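Please open the model in your viewer and keep the selection tool at hand. The stops below are meant to be followed in order.

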Amino acid sequence: MPSFDSLFNAFVTILVTIDPPGLAPLFLAVTRGMNREERQQVSVRASIIGFLVMALFAVAGASILSVFGITLPAFRVAGGFLLFFIAFEMVFERRQDRKEKIGDVAITKDMIHNIAAFPLAIPLIAGPGAISATVLLSGSFQGFAAQAALVAIIFVCLAITYLVFVLAERIDRILGQTGRSILTRLLGVILAALAVQFVADGIKALMAG
């Protein structure tokens, strides 16, 4: 069973890459015109789909990589750089702009029925960053008990995301533009440090091999 530090780092990494507070205003934007019951249905479905996608990569991430002949250390380095790029976008608030554009596309194409799957579940919840982080973490969570713990962490992160969707209006009002900006930058700095650690571990493993 992984140590408490490993479990906590996994929780922080996945939660930061999903970025629930940043999704709150986007959830409100893409569900514009829906009543409370319809938003509830969208939030449940989006959370379930996001969980299933990320759980799949948590359990079968290494197998998926092996099909393409990619080693875990190589993916760790590549994924670390990707997470660092996402952290860079978060610190300089470019990620939010990109997410808002994705949300706008969904509305203009009148995809209200499928909005839970796209763009909420994919790519806003289970996006490239969250999937990369999950695959990277799966390399450190070997064995049934460890994988079950990682899936449980993903479940907790998606439960938090669901709660954020349910409370989206209140959270958006409480945080405001300044609060969202500060929180996003703070999470971005934490993610950047975790990304550097992924790259360092990957390079060390490549050199040892």
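Predicted model: local features only at pLDDT ≥ 70, side-chain atom pairs only at ≥ 80, totals over all residues.

Residues are numbered from 1 along each chain as its sequence is written, and side-chain values use heavy atoms, with hydrogens and water left out.

Select Thr 17 to begin, a residue of helix α1 (helices are DSSP runs of H or I, at least four residues, numbered from the N terminus). Thr 17 counts as buried at 1% relative accessibility, buried meaning under 20% relative accessible area with a 1.4 Å probe and protein chains only. A polar atom of its side chain lies 3.0 Å from the backbone oxygen of Thr 13 and one lies 2.9 Å from the backbone oxygen of Ile 14.

Next, select Asp 19, in the loop between α1 (4–18) and α2. Asp 19 is not a glycine, yet has a positive phi of about 60 degrees. Most residues other than glycine have a negative phi. At 3% relative accessibility, Asp 19 counts as buried.

Finally, display α2 (residues 20–30) together with α9 (residues 168–208), whose axes come within 9 Å and cross at roughly 125 degrees (axes are lines fitted to C-alpha atoms over the stretch in contact, with angles from 0 to 180 degrees between N-to-C directions). Contact here means heavy atoms within 4.5 Å; the residues making it include Pro 21 and Phe 27 of α2 and Ile 171 and Arg 180 of α9.

Methods. Helix = DSSP H or I, 4+ residues; strand = E, 2+ residues; numbered from the N terminus. Buried < 20%, exposed > 50% of the residue type's maximum accessible area, 1.4 Å probe, protein only. Polar contact = N/O pair within 3.5 Å; in protein donor to acceptor, adjacent residues only side chain to side chain.
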